[in-house]
Every structure is written in C-alpha cells, then in structure tokens.
Amino acid sequence: MPCFQHYILYLQASGLGRMKPNTLVLGFKKDWRHATAMQVENYTGAIHDAFDFEFGVIIVRTSQGFDISQILQVQGELKKMEQERQALEAALKDNEFEEQNYGLRRFFRRAKKLHFAKTMPPKDCSISTISSVHVGEFNQRMLEASVQFKKKQGKGSIDVWWLFDDGGLILLIPYILTLRKKWKDCKLKIFTGGKVTRLEEDSRQNVVLMASLLSKFRIKFADINIIGDINMKPNKESWKFFEEMIEPYRLHESCKDLTTAEKLKREAPWKITDAELEAFKEKSYRQVRLNELLQEHSRAANLIIVSLPVARKGFISDYLYMAWLEILSKNLPPVMLIRGNHKNVLTFYS
C-alpha cells in the first residue's frame, strides 16, 4: 500500500481512459487504537477520497494482517550475512596461510552448521535480534497468513452478506474468485436482510426472487438466506464491549459546562462527541449486531464478504468509523468489506 501522502496521486493518475482502475483495495488498519489522530485521519481520508473519485473500496482483514515488512527485512539481512560468510570462506580457501588461519576457519565451519537462525538462537539473544525474529512462531504465522489466499482452498463457502445495492461489486468479486482454480471448491452462500414481521410465505417468495435475479446475472450459488433480525439491538455484552472500545476516544462534553466543553472540542476535534454518538446510535447498533450474526452464521466460512458501511464526511468522526469497522469484522475468518461506486458491474442476462 503506498504512502497515504501520495495515494491521491495514484487514484488520479493510474490507468488510461476506459482502462482506469475503479476500485481501491486497502488492508485493515489493525493498529488504529495505537496510531496518532493524523494517521487515522489519513486512513479514513483515503476511503472518503476514493468515493469522491467514484472508486469502489475494498478493505481486507485477516487475523494476522498483511504487514510482513519486518520479516522481509530480516530475510534480506540473513541473505546478506550468508553471502558475506561464503565470500570470507572462499577467501580463506585461497589463502596460502591456511594453517595460520585454522581458528578462524573453524569458527566459520561452526557458523555454517548453525545455518544462521535455522536452529535455536543463543540464550542471550534479545527479541529484537535477527535470529529470534526469524524463528519466532508469531512471525511464522504472519508469513503463512500473508500467502493464505495463494493456497488452494478446500471445500467450504464464501459467505456474501449483500446488504446494500452498490452496483453489484460485492457479487462480482466472489463470483470471480470461484472461477479461479484455488477457490473453485468453495460455494457461494448469499445473505441479505429482511423484516422480522414478514410471514414465512413472503420470506420464501423473496428467496425465489433473489434466486431469479442471481440466475439472470449468471451467478451460481449454493444457498440464499434472508436474515430478518439485522436491525434488532445487539445483546448487552456485545454493546458493552463496543462502549469500552470507544471510551478512550470520547469527549464526554455533556458532563461539563459549556465553556469547558467548547475548549475540549477545539483541543481534540477528532474525539467522539456525545451528540454524535447519540445521533448515530442506530448505525452503531447495526455494526455490533451484524458481527453477532456473522459469528452465528459465517464462523466456518473460508471467506466472508460483507457490505462496507459508509461514513458521511464531516458528520462521523474518524474514530467512530474505525470502531464500526473493528467491531463489524472482529474475531472472524478473513473478511472483505466491499462497497461499489454505484455503477453497474454486472451484465443482466435476459
């Protein structure tokens, strides 16, 4: 992912004519709670600017993330050290005073046997050293996670939670995936919202209509599910977790006098105000509730694709929006949050 100071240039200058890309793909910013307000603003700003330029947006989240730059750096340093070792050994072989350098040669033979971090590191090796980073179990998991989409997927499902009509990008991406050899054994399961008050007969009719629509788009699917309780309030434990998560970023201006409240707003304009939280409480409820439903219905999926919530620029603070993305996609298999640019990307077959 390019530096966020330059991403807007990529959006404007990439491609030519009809060959211009129409989608911005980002990794989920897992460290948003420890990042600076400016870093969070840059991240959410990239999403807003992508929509302004009529791009679709895809945010990908995996349990380990995709940032393996530290591991790649260590691997590069290890390779460099190995080359230096080989060069020194070659020089020693050509040295006419081999016997005088016996002690040094013995040292390099021992180093060769150790093979630089493929065995256990020295006991006094700190966490920051090359050996410990290279052999660390956590880093190994990160390395495996970074290539998980390059591996052949076993029989399973791609669960698509189609909650908004955004031009069809959320259906096109999983359809393209199932055409690939690595994903061909995964079936598409479609989830969409409904109303609790509807009769069972109406629900069946909606499934038939949805199946007819997908068939006209020539999209093969294994199952269609109408979820009727999307808009219900989440349970108390889930909501409490969300409130605790956003607590460090709240302004709590209603508990203070007017002068103090205005001063706090000027000093920390990025914080979540009580008025904002109350105004968008229903949307917050929805993200928390959706995670509960994802845990219930899609916990075993190979990949979850769900509609990306959109925050109105200037109305919803960066930290509240990041909290929505966090709570929506937490503790799940790999998740793609997708929102199209409202331009049709599917061909209707009649």
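**Figure 1. Aromatic pairs in the predicted model, with the pair of Trp161 and Phe191 in close-up.** Eight aromatic pairs are found when the whole structure is searched. In the pair shown, the ring centres of tryptophan 161 and phenylalanine 191 are 4.5 Å apart and the ring planes meet at 5°, so the pair is classed as stacked. The assignment follows because planes under 30 degrees apart count as stacked. Tryptophan 161 and phenylalanine 191 are both buried. The model is predicted, and the distances and angles in this legend and those that follow are computed from it.

**Figure 2. Arginine side chains placed over phenylalanine rings.** Two such contacts are shown, centred on Phe315 and on Phe164. In one of them, the charged end of arginine 312 sits over the ring of phenylalanine 315, at 3.9 Å from the ring centre. In the other, arginine 339 lies over the face of phenylalanine 164, and the distance to the ring centre is 4.3 Å.

Figure 3. How many disulfides does a search of the whole structure find? The search returns zero. Cysteine 186 has a relative accessible area of 3% and is therefore buried. Cysteine 255 reaches 63% relative accessibility and so counts as exposed. The two assignments follow because buried means under 20% relative accessible area and exposed means over 50%.

**Figure 4. The largest cavity and its lining.** One cavity of 30 Å³ or more is counted. The space in the largest cavity amounts to about 40 Å³. Its lining is formed by Asn22, Thr23, Gly56, Leu169, Gly340, Asn341, Lys343 and Val345. By residue class, this lining comprises two nonpolar, five polar and one charged.

Figure 5. Most residues other than glycine have a negative phi. Glutamate 54, although not a glycine, has a positive phi of about 60°. Glutamate 54 is located in the loop that runs between helix H2 (37–52) and strand S2 (56–61). With a relative accessible area of 46%, glutamate 54 is partly exposed. Histidine 342 is likewise not a glycine, and its phi is positive at about 65°. Histidine 342 occurs in the segment after strand S7 (335–339). Its relative accessibility is 56%, so histidine 342 counts as exposed.

Figure 6. Tyrosine 7 is placed in helix H1 (residues 7–13). At 12% relative accessibility, tyrosine 7 is buried. Its C-alpha atom is 9.6 Å from that of alanine 50, a residue 43 residues apart from tyrosine 7 in sequence. Threonine 178 is part of helix H7 (residues 169–179). Is threonine 178 buried or exposed? Its relative accessible area is 18%, so threonine 178 is buried. Threonine 178 and lysine 220 are separated by 42 residues in sequence and by 9.4 Å in space, C-alpha to C-alpha.

Figure 7. Where is proline 234 found? Proline 234 is in the loop between strand S5 (223–227) and helix H9 (236–246). With a relative accessible area of 10%, proline 234 is buried. The C-alpha atoms of proline 234 and asparagine 291 are 9.2 Å apart, and the two residues are 57 residues apart along the chain. Glutamine 295 is in helix H12 (residues 281–297). Its relative accessible area of 25% makes glutamine 295 partly exposed. From C-alpha to C-alpha, glutamine 295 and asparagine 331 are 8.1 Å apart in space, and their separation in sequence is 36 residues.

Conventions: Residues are numbered from 1 along each chain as its sequence is written. This is a predicted model: local features need pLDDT of at least 70, side-chain atom pairs count only at pLDDT 80 or more; totals for chains, interfaces and linings use all residues. Side-chain values use heavy atoms; hydrogens and water are left out. Rings of Phe, Tyr and Trp (its six-membered ring) pair if their centres lie within 6.5 Å; planes under 30 degrees apart count as stacked, over 60 as edge-to-face and the rest as tilted. Buried means under 20% relative accessible area, exposed over 50%, partly exposed in between (1.4 Å probe, protein chains only). A charge sits over a ring if NZ of Lys or CZ of Arg is within 6 Å of the ring centre and within 35 degrees of the ring normal. A disulfide is a pair of cysteine sulfur atoms within 2.5 Å. On a 1 Å grid over the protein atoms alone, a cavity is a set of points where a 1.4 Å probe fits but cannot get out, and a pocket is an open set with protein on both sides within 12 Å along at least five of seven lines; lining residues have an atom within 4 Å of a point. Grid points are joined across faces, edges and corners, and a volume is the space filled by probe spheres set on the points. Ala, Val, Leu, Ile, Met, Phe, Trp, Tyr, Cys and Pro count as nonpolar, Asp, Glu, Lys and Arg as charged, and the others, Gly among them, as polar. Helices (H or I, at least four residues) and strands (E, at least two) are DSSP runs, numbered from the N terminus.
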